[in-house]
Structures are given as C-alpha cells and as structure tokens.
Amino acid sequence: MREWIIRAGYVVGLGAILAFVFLGAPKEVVYTDGKIHFDYWYNVGQEDVIPWPVIAFNASQDRIVVHPVAIPWQESEKKILTAVISGDPPSLVSQFVPLVKWASRMALRPLDNFITQDNFDTGIFFPALMDEMMYMDRVFGLPQATAAYALYYNKDIFREAGLDPEQPPRTWDELIQAAHAIDSIDADGRIQRMGYLPDWDNLLPSIMQTSLLMAWELGATLLSDDGRTAELDDPRFAKSLQWIVDYYDDYDIKRVRAFRGTFGYDTQHCFISEKVGMFIGSNFIMDNLQRYRPDLDYGVTTIPTHELGGPTASPAGVFWYAIPRNAPEAEAAWEFMAYSTQAEIQLEAMQHTKENLFPSNRIAAQDPIFQDDPYMKIFANQMNHAHSPAVVPLAHEVFWRELNMNAVDLIIDKTKTVQEVLDLANAQVQRELSAALEYQDYVLSIMHFETEEETP
Amino acid sequence: MRSLVDKILGPHRHDTLIAWLFVAPWAIGFLIFGLYPIVMSLYYSLCQYDVLRVPRFIGLENYQALLFEDPYFWKSLWNTLYYVVFRTPLSIFGSLFLASLLNQQLKGMPIFRTIFFIPSIISGVVLSVIWLWMFNPEYGLINSGLAFFGLPGPLWLQSASWSKPALVLMSLWTVGGGRMLVFLAALQGIPKHLYEAVELEGGGWWTKFRHVTLPLISPILFLWTVMEVIFSMQVFVEAYIMTNGGPANSTLFFNLHLYNKSFNDFQMGYASAMAWLLLVITLAVTWFQFRLSRRMVYYEGGN
C-alpha cells in the first residue's frame, strides 16, 4: 500500500512538471471595459519612449486602446516572423526592412478594402515610399516615417582647403575637384583626411553606394518593368561603377582601406570626427552632430548630379506600419494607422520626439518648420527624388550583398573589371529572383491573401 | 499486442513504467526539439521553404544549385577549409607547447597556469570586438607593435588576402584554454620512469619527446584534432561580428553563408541542404582522420 502511494506520488509529480512545462504559457488578459484593445509592436532605437501617435490616438477617442510593445530592432524580424507563424500576431507592427520581403511571404494583410471603405488618400505620401508599400497591385502597409538623405559638407574644412563654404559642389565633377582640394596625406603617405568616399564599407554601413545614386540619376532602375528580369548589367550602372574605379585611381587603395579602418560610430563617425569633408547621409546625422559636435560648422546641400541642373536622386529609408495576417483587431489597427499618418499628427510627433525621422507625409513636409529651415528644405526636396533601396524587392538581400560585399571590393582592388562583377552579380540576383517567382506562383496556386471578402 | 507490451516492459512492469516516466520529460523534449527538427530539415532540404509559406517540393534542386550554380558555396567551403587547415595544427601544437612549458617543476606554477587560462574565458563576441581594435591598421596594437620594429603592418581585416590569416591568428588567443589543461593532465600522467630510462640510455629532450611523450599522449592529441577540425568547420561568430564576410567575400565562411541564406533570405530549404552537406563533409573528414589514426595513435591498453 505504502509503495503504491509513493508510486502515485511520482506520477502526480511528473504530471505536474509536464503540465507546468506545456500549459505554463501566460494567460491572455481579458478586458472588460467594452473597448477594443490591441498590441502594436514598434522598434526601439536609442530612445525608449512611447511613440507620440499612440498617446495622441488613445487620448483622441474612447473606443480603441493601443498598447505599444517595444521590441529591439535587432530582434524584430525574428519576433514578427515567429508571431505570424504561431497564428497569434499583434494587430499592428512597424518595420523598416523592405515591406515586400514580408508581403511576398503572405505575412501581411492587404489594406485595399480599408482604403476603399474610408476613401483614404494614399497620395499624401511621398511616391517613393508609397511605391514600396505595393506588392502584386495590392497595398500592404502605410509609410510611417522615413530617413531623408542629402550631401553634408564641413564648412571649416572647405575654408581650410581654400574652397568657398557657400558654394558646395553641384555636380559629380565639382565634387571630385572639391574632394581633391580637401585630401590631406602626411609625410609617410598616410591619409589624414579625405574629401569624399564613394562606396560603402563593411565597417561603416551608413555610407550609401554612390554608384547606385548615379545610376538612378541616369534613369536606370536595374529591374525590368514586369519585375521578372534583373538588369544590373545596365550600361548606366556600369558607367557609375567605373566612376568609382576612376575616383580611386588617384589614391593608393591600401592607404584608403587603412584610413577607413579608423572610422567608427557616434563620435568616431567619419564626418563627425572631421576625417571626411563631404558625406551623403540621412537627416539623423544632424541630431548626432547636435549631440556630439554642436560647434561643427557644416552645410547640407542637394546630392550632386551628372550635369548642372540635371536630376538628383537619393535613397529613401521608409519605416512602415502593417497588419500581420490573422491579426485579431485589423479594423482598429487600420484606424490607428490612418490617424497617425495624417500631416498634423506627424508634425505633432516631431515636436514630441527627440530623435526625429522625416515625415512620410509630403503635406507635413510642406510645413514652415521644414520649408523655413534651409537644411530641412533640402531634405524635403530630396524626398521628391527618392528611390526605394529595395531595388530588386524579391532578391533584396542578395542584391545588396552582391553590391556591398563583393562587386565594389573587387573593382576597387582591380581584381575584376566592372563588366565582370556586374555579370556575376546579375546572374546571382537573377537566379534568386527566378526562384522567388517560381515559389510565388506555386504558393498563389494554393494559398490566398487575407482578402477583403473574408473580412466582415 | 499484449505480448509486445509485456516484452518491452519486461518482468518489472511497474518499475519500468516509472523509469520511462522519469525519462519522459527529456524524451519528449528530445523528440519535439531534437529529432523532429532534424528529420524536418532533411525534408525541407528537398523543398523551397521560407517558414511563412507552404513548402514546395523540388527534389534535389537545392543540392544541384549549391554544387553547380552557387559560386559562394565553393568560395565559403574554401574559406572554411583554409581556416581549418591553418587553425587546427597551430592551435593543437600551440596548446601542447604551452602545456609543456607549464609542466615544469617551478615555484609559482599554478599562478602561471591561471594566467594562461584566463584569456580563454572571454566570450566570442567580446573577443571579436577586442580584436577588431587590435587589428586596426592605423591605431591597432598589432600594427603599432610592428611599426615599433620598423615593420610595415598589413591591412588585416581590410584586405582580402590578410583577413583569413588574421582570423586564424586571433583564434590562437585560446591556446591556453581547456585544450591546454587536458594536454597538461596528459603530460602529468606519463610515468617518470620512462623518462629516466631514456636518460640512462643517454637520450636528450628530443628523444624523450619523440619516443615517450608523443606516443603516450597521441590518443589525446588525436581526440583533440578530431574535435578541433569539427569545431573549426563551424567558424561563424568572428566573421559575423568582425567582417560580415568581407572584404570581397574573403571571410564568407560556410556557416555565415548558411546564416545569410536562412535568417536574411529566409531560404530555409536551401540552408537545410547546406547544413546536410556540411554534415556529410564533416563526417567524411572525420572518417579520414580515423583511418589515418590507425597508424599514428598508440593505445597503451592495446587495440
């Protein structure tokens, strides 16, 4: 009898452990106030604060309560991925990786029915940002904010080099001349300062590939109109990459690499530490300059063009809102999205946030706080000439790895010619793109987007 | 059916059942989080699969693409083998050399042993960040040291030809770690009378090392060689933190390529195929090492 009790005890104990392990998931909170509650996952940058639109929206009405949940940006992709697969996603997420990466994987809910139902005007956004929200002729997200880019230049360095600080370069040729005037090399041949660096570096991911900007200015898109053929071998792109090779011809590339190895983040950023005289960067750099080097005399100007008065181009860095598939409160999440992307809310948010993104709403960018500020005005204008960095959306990661991690390194080291690297890169991107399209066709034959018919 | 259950449970039915219950938490965990993913990864390696969408069965296309169309498969394999071939002997003999030095009968030896062991407890990520600065071509400790002797320092991680040697050099940071401790224990396990016998015969330090030390620690050396090769094949953190595969993909190791494919591109099928190929390659290399060992390893207890 005693033995039996002990055995039963073991079994009950083990059962309890197993139950604890498998049923121990936290219970969902049930709200009894009759309001709609939903979770909104947003990325945390350096400032861990509740986004202003959430505060404003929750105060503006009494039917819906948005619960903001901060997730670290390094983790956000994996967290959203897991939440969507588990079938228990938040009702709203914000993200900055290309939206197509998520939309094409059917992780998001199309918003077209909401847009039609509310007669929502998507024309309020900068076109480059809205273009990035589209996949297979459906809208999958709304641009929340963006990073805007322009050419920064250091006025003190310009003066030192005998250049006019009020006459920044307007064309790429003028940029080369200014850059060479700024360059400073010590007696041992070590580079102390450079005028400009035209390519990205794996230790300094904030530099945009100048070659791509130049190709955009020439009208190259690097992808066929139907989105099925990669066109990295476009001669206009080849010409732009050749410009980089020629640019470095005037330098000992080993010295340039050693010089770049001294860069870092924040105070050691190449522009903030005055190692580089000109730099194409986002509007965030102004906040960092204010924080680390309030004394630094700098200017902001339009990204140079091939010909005087020719078209400029800049990258856009969109942050978007989207509703994951099977989101419990899609309708309420949409209401919040539509509210918080309005011009007045974006302008209010700017006044309540320390580290500012640029508004995605172009009406907001017409406000005097942008138009009366000479630098902000430049950023606002660049946004009208912005291009999505999702150049080949379905092969986005491969495109950038090919360009940043391989092609540019090989051509500036003269290991391969421009044509050789472009052929190689194009083959890789095309292979990826073709596979993605095949998979897409297969999936669409058995899976469907969460469409308007299915929502009440 | 009944008889089958009886057979499995044996004569001590209740005890066996209780035993299984105790094993159950582990067994269930293993089946769900161990065996199931392994089996599924084999299946997914035959599919196009990105986690969010249904898998599409494509047969051996992933393997075919890897072997015949993906230049980075071969590039990353070459980079990894380069790392294995240079790192393994250097780390094994480095540790053995250090263990021999620390095996002397000197006062204060435990302190030296501790000093040499300490660097190995630093985590990989922290180590990578420290070495990133040490390798800095202009301000780094290494090139400053070389400059002191009037030597020109290479670009290290900034150069496609120096980036792999730099990572091999960095891996020697841990020569004083667990491996050295095991070698030290093995050296201390060698009977003194064997060395005395060599001395009586008039043999010097080399004879002692070649004919006593080496044969007696050869099983330990072999074990660690096998483990180091397997461990080096999985090199990842250094490249992920320090170079991200660059410059010009010179530090794109196999596992970094696999990581890019799975967690950046979400191509789980392709990445699974890579993982299975790595397993096959690792098995082949290990099998080859065991074949070689028959002639090179001495077991005191006989075969």
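Which residues does A:M278 touch, not counting residues up to four places away in sequence? I started there, keeping in mind that this is a predicted model, and I noted A:L151, A:Y152, A:Y153, A:L175, A:A178, A:A179, A:G195 and A:Y196.

Core. I then looked up the largest nonpolar core, which holds 164 residues, and found that A:Y152, A:M278, A:A333 and A:V392 are those that touch the most other members. Helix 18 of chain A gives the most to this core, namely 10 residues. I also noted a second, separate core of 14 residues, with B:I92, B:M180, B:F183 and B:I217 among them.

Sheet. In chain A I traced an open sheet of six strands in the order 2-1-3-13-6-14, with mixed pairing; strand 2 (64–72) and strand 14 (358–359) of chain A are its edge strands, each pairing on one side only. Strand 3 (residues 92–95) and strand 13 (residues 317–322) of chain A are antiparallel to one another and pair over three bridges, and I found A:W320 in strand 13 to be the bridge partner of A:Q95. Helix 13 (residues 330–340) of chain A packs on the sheet, where it touches strands 1, 2, 3, 6 and 13 of chain A, and its direction makes about 80° with that of strand 2 of chain A.

Interface. Turning to the contact between the chains, I recorded 35 residues from chain A and 32 residues from chain B. On the side of chain A that touches chain B, helices 1, 3, 11, 17 and 18 of chain A each give two or more residues, and helix 17 of chain A provides the largest share, seven residues. I sorted the residues of that side into 20 nonpolar, five polar and 10 charged.

How values were computed:
Residues are numbered from 1 along each chain as its sequence is written. Chains are lettered from A and ligands numbered from 1 in the order in which they are written. This is a predicted model: local features need pLDDT of at least 70, side-chain atom pairs count only at pLDDT 80 or more; totals for chains, interfaces and linings use all residues. Two residues are in contact if their C-beta atoms, placed from the backbone, lie within 7 Å. Helices (H or I, at least four residues) and strands (E, at least two) are DSSP runs, numbered from the N terminus. Ala, Val, Leu, Ile, Met, Phe, Trp, Tyr, Cys and Pro count as nonpolar, Asp, Glu, Lys and Arg as charged, and the others, Gly among them, as polar. Two strands pair if DSSP finds at least two bridges between them. Axes are lines fitted to C-alpha atoms, for helices over the stretch in contact, and angles run from 0 to 180 degrees between N-to-C directions. A nonpolar core is a set of buried Ala, Val, Leu, Ile, Met, Phe, Trp, Tyr and Cys residues joined through C-beta atoms within 7 Å. A residue is buried if 20 or more other C-beta atoms lie within 10 Å of its own, exposed if 12 or fewer, and partly exposed in between; C-beta atoms are placed from the backbone.
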